[in-house]
Amino acid sequence: VEEAGDYFIWARVRIPAGVAPTDANSFDIAVNDQEAEIWDLFEGEEAEMAGSWRWELVSARCGAGGSNVRHNCDPYIVQLDAGVNRIVIGGREPSTQLDSLIITNDATFEP
């Protein structure tokens with residue numbers, strides 16, 4: 001990124017139709033050297049969202065008290081340094097799908 005600061009991550013994601021939502025509802029996400037957080041898609045509304053690609057502002061459980069239906073980091077705001085940063089997204093269930101990412105420091109942006 002060109003300048004250091006707080007950034008938001010938008011992701012185009014999908015839970016395939018016909019797959020049990022709990023078999024396709026989350027990723028791990030880690031930024032730079034931070035510990036990975038659990039990012040649950042659609043926070044408890046997986047059944048209603050299944051079958052089509054949707055843009056989602058990334059959020060995460062972020063520690064104790066967070067769950068698949070209530071994220072403590074909503075949205076998941078990441079602090080990036082100017083220059084090269086590393087964002088690692090790991091699969092947790094084999095059917096969860098990720099197509100694209102948008103990283104922005106504009107809090108009002110929506111794809």
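This briefing covers the nonpolar core, the disulfide, the salt bridges and the backbone exceptions of the structure above. The model is predicted, so that local features require a pLDDT of at least 70 and side-chain atom pairs a pLDDT of 80 or more, while totals for chains, interfaces and linings use all residues. Residues are numbered from 1 along each chain as its sequence is written, and side-chain values rest on heavy atoms, with hydrogens and water left out.

**Nonpolar core**

- The largest nonpolar core holds 18 residues, a core being a set of buried Ala, Val, Leu, Ile, Met, Phe, Trp, Tyr and Cys residues joined through side-chain atoms within 4.5 Å.
- Those with the most contacts inside this core are Val13, Ile29, Trp39, Leu41, Val58, Tyr76 and Val78.
- Two or more residues each are given to this core by strand 1 (5-14), strand 2 (26-31) and strand 5 (78-80), where strands (E, at least two residues) and helices (H or I, at least four) are DSSP runs numbered from the N terminus.
- The largest share, four residues, comes from strand 1.
- Apart from its neighbours within four places in sequence, Trp39 is in contact (heavy atoms within 4.5 Å) with residues including Ala11, Val13, Phe27, Ile29, Val58 and Ile89, and also with Asn25, Ser26 and Glu56.

**Disulfide**

- A search of the whole structure finds one disulfide, defined as a pair of cysteine sulfur atoms within 2.5 Å.
- This disulfide is formed by Cys62 and Cys73, whose sulfur atoms are 2.0 Å apart, and the link is left-handed, with -120 degrees about the S-S bond.
- Both Cys62 and Cys73 lie in the loop between strand 4 and strand 5, 11 residues apart.
- Cys62 counts as buried at 17% relative accessibility, whereas Cys73 is partly exposed at 23%; buried means under 20% relative accessible area, exposed over 50%, and partly exposed in between, with a 1.4 Å probe and protein chains only.

**Salt bridges**

- The count comes to three salt bridges, each requiring a side-chain nitrogen of Lys or Arg within 4 Å of a carboxyl oxygen of Asp or Glu.
- Arg12 and Asp99 meet in a salt bridge with an N to O distance of 2.6 Å; Arg12 is in strand 1 and Asp99 in strand 7 (residues 97-104), 87 residues apart.
- Arg12 is partly exposed at 25% relative accessibility, and Asp99 is likewise partly exposed, at 42%.

**Backbone exceptions**

- Most residues other than glycine have a negative phi, and most peptide bonds are trans.
- Asn32 has a positive phi of about 50 degrees although it is not a glycine; Asn32 lies in the loop between strand 2 and strand 3 (37-40) and is partly exposed, with a relative accessible area of 27%.
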